[in-house]
Amino acid sequence: MMPVVSPAKLQEFSLDEATRVVQEFKDQPGTLINALHKLQQTFGYVDEAALPMLAKLFNVSRAEVHGVTSFYHDFRRSKPGRYTIRVCQAEACQAMGSEELSAAIKQLLACDFHETTADGLFTLEKVYCLGNCACSPNIMVDKQTYGRVSPASFKALTQQLAEKAAVSK
Amino acid sequence: MTTRLYIPRETTASSLGAEMLVEAISTEAKYRNLPIEIVRNGSRGACFLEPLIEVETFTGRVGYGPVQLEDIPDLFDANFLTGGQHRLALGSVDALPWFKQQERLTFARCGLIAATSVAEYTKLGGFAGLRAALALSGADVVKTVLDSGLRGRGGAAFPTGIKWKTVLDAEADQKYIVCNADEGDSGTFADRMIMEGDPLSLIEGMIIAGIAVGATKGYVYLRSEYPLTQQILDEAIANAAAAGYLGSNVAGSGKAFDLEIRMGAGAYICGEETSLLESLEGKRGQIRFKPPLPALKGLFGKPTIVNNVITLATVPVIFEKGAKHYASFGRGRSLGTLPFQLGGNVKAGGLIEKAFGLTLRQLIEQFGGGTASGKPLRAVQVGGPLGAYFPESLLDTPLDYEDFAKAGGMLGHGGVVVFDTSVNLAKMARFSMEFCSVESCGKCTPCRIGSVRGMETIDRIVAAKNEQERERQHLVLKDLCETMESASLCAMGGLTPMPVMSAVKHFKEDFD
């Protein structure tokens, strides 16, 4: 029994739109990370071209913006697939076979961690703990966590996700 | 008559399909012409029973679980809306031994009420603590916290009252309350559960802290892996504000306190308080040197209380029931209760709140019911990825900060991860080093470089062709771990040796 989520609606990157969506953080102390999250929500990633604009907005150097963007695992620098799948690698999930699950997922999707499937549907990432450690192993698809995932249930899920993505194109 | 049904809106339940149940039950009830009201509570903590549905009947609240989509027509046929018999029927959830043996103070309301409802929260004692605290001076509030014996539940176990006193005594035009909700430790989910199940208790705790020390602004630094938590907490903050508990005149006291959620971005190190403050300022999450203490120079250089979610969410019950009542639980210097989180390879995992002092074996056997796989237990990691691996022979260690330290471990945030005989501890030790290398902030060398050298050394131990070479590499690893332990700037590099060396100490055969 697995909920099937719709792929996130992402826009094509444009500097104008990027500038517009982060204006709410102007003069808000310490909100550079909020702004980066906003860009990623809007476009799926943080485009290189947005960094000088952020530097100006927050009155910091471009190096500082680059430093922050590259420090945090969440921020992508290139467009992801339509779904991002994170597979937990932490201890509690390891105790329930996350290593075997990860291997099966990589084989099924024919792609490695930090890569996107050839059809552009799934980006595969690692995550360390989703806070659902009594129902391991866990994965997360975009914002939805799935507990007690097996290779078989994962396969069924990806088929349903693919169907959903095809409909919502 | 409308029947009240409880279906958790919570990550564990949702990860097992709870949202689909809400839809299916609504549809089926409409089809059968049965009026129902679905209340979205938090989890009661019994993850092995999720999705757990409860029904309010004439004879009390009864549970059914774990419910799958295909059980729904069957449950209706069995008249579950009036408490009918069914293979998934649990009777009164409170009466189950798993719950009956718990001592719930912090989690007393969790799972019982509509999570974000101020009215339901208040009905079960909510905001009584705040009212009691508002009648006291700041110094007396701090004294109450000191008297309760409450220590930081994030893992470091520093006396909360002392931290508060430092901030109270500091002179500044602005002070802050920061809640550390960057629950990154594997095997821990208590922060998430209380924020999803009883978020108003955290909000109330933060308000009490703010009013006590004269801070008018609070931040919850929440990890981005918890998007559902963010939604629920956001809703609770809005409800608290609408009811007059946040804003310029908190509960009519004339005092101001505001609350804001800030999302992390997937960096484990931001659970370390100084790194968290850097991140809140919009910077790279790099560790700061201490001193100065955050209590004196914290967020934006101002005096700041940084407390874990559970620490803050425990504050209201201390004021509601008295410091003495809270301190009557537990033993020695570990007073009160700890919400233990039982996970990994365990049959009945979940959140178990108990007074300090029960043994690890009692927790795993009485509550957990043994391993999920049915194979014998081989190792238990307590206290997250920086905690020690204990063998079966140490299971009788009492769960108490001091006893755990004496046994070479760390209680930390109370996460307990069980492994069966399929585990290889050399692999787990290597993973600890790998995790440290991935998550190190990079500021200090022992952590940044030591973790990489640690992985390489463990690889060489495992690949050693003879005993002599293996022992030589074991010496290198020991030396490296000592360096990391004594020369790292924070707990990340300083404690990574704990799981590694405990694995070597108790499971040396896995390295051969």
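**Entry 1: sheet of chain A**

I count two strands as paired if DSSP finds at least two bridges between them. The model I am reading is predicted.

With that rule I looked up S2(A) and its neighbour S3(A), residues 122–127. They are antiparallel, and 2 bridges join them. One position I noted is Thr116(A), which stands opposite Thr123(A) in S3(A).

I then traced the sheet that holds this pair. It is an open sheet of 5 strands in chain A, ordered S2-S3-S1-S4-S5, and its pairing is mixed. Its edges are S2 (115–116) and S5 (144–146) of chain A, each of which pairs on one side only. As background, I noted that strands of a sheet pair through backbone hydrogen bonds, either parallel or antiparallel.

Next I checked for a helix across the strands. H6 of chain A, residues 98–109, lies across S1 (83–88) and S3 of chain A. I read its angle to S1(A) as about 155 degrees.

**Entry 2: chain A as a whole**

I listed 7 helices and 5 strands in chain A. Along the sequence I wrote the pattern down as α-α-α-α-β-α-α-β-β-β-β-α. Taken along the principal axes, the C-alpha atoms fill a box of roughly 50 × 35 × 25 Å.

I also looked up the domain division of chain A, which gives domain 1 as 15–71 and domain 2 as 83–167. The C-alpha centres of these two domains of chain A lie 29 Å apart.

**Entry 3: a sheet of chain B**

I turned to chain B and found an open sheet of 5 strands in the order S2-S1-S3-S4-S5, with mixed pairing. The edge strands here are S2 (36–39) and S5 (89–91) of chain B, and each pairs on one side only. On average, neighbouring strands of this sheet are turned by 30 degrees against each other, direction ignored.

Gly63(B) has Gly91(B) in S5(B) as its bridge partner.

For the helix on this sheet, I noted that H2(B) lies across S1 (3–6), S2 and S3 (53–57) of chain B. Its angle to S2(B) is about 170 degrees.

**Entry 4: a helix pair in chain B**

Two packed helices are described by the angle between their axes and the distance between the axes. I looked up both values for H17 (425–439) and H19 (450–463) of chain B: about 160 degrees, with the axes 7 Å apart. I call H17(B) roughly antiparallel to H19(B) because of that angle, the cut-off being over 145 degrees. Their crossing is left-handed.

I then went through the residues that meet. The H17(B) side includes Ala426(B), Ala429(B), Met433(B) and Cys436(B). Among those on the H19(B) side are Val452(B), Met455(B), Ile458(B) and Val462(B). By class I recorded 8 nonpolar, 3 polar and 2 charged residues for the H17(B)–H19(B) contact.

**Entry 5: the contact of chains A and B**

Last, I looked up how the chains touch. Chain B gives 51 residues to the contact and chain A gives 36 residues. On the chain B side, at least two residues each come from H1 (11–15), H2 (18–31), H12 (273–280), S12 (337–344) and S16 (415–420) of chain B. I noted that H2(B), listed here, is also the helix lying across S1, S2 and S3 of chain B. The chain B side that touches chain A divides into 22 nonpolar, 21 polar and 8 charged residues.

How values were computed:
Residues are numbered from 1 along each chain as its sequence is written. Chains are lettered from A and ligands numbered from 1 in the order in which they are written. This is a predicted model: local features need pLDDT of at least 70, side-chain atom pairs count only at pLDDT 80 or more; totals for chains, interfaces and linings use all residues. Helices (H or I, at least four residues) and strands (E, at least two) are DSSP runs, numbered from the N terminus. Two residues are in contact if their C-beta atoms, placed from the backbone, lie within 7 Å. Axes are lines fitted to C-alpha atoms, for helices over the stretch in contact, and angles run from 0 to 180 degrees between N-to-C directions. Domain bounds come from an automatic or database domain assignment. Angles under 35 degrees count as roughly parallel, over 145 as roughly antiparallel, 65 to 115 as roughly perpendicular and the rest as oblique. A crossing is left-handed if the near helix is turned anticlockwise from the far one by less than a right angle, and right-handed if clockwise. Ala, Val, Leu, Ile, Met, Phe, Trp, Tyr, Cys and Pro count as nonpolar, Asp, Glu, Lys and Arg as charged, and the others, Gly among them, as polar.
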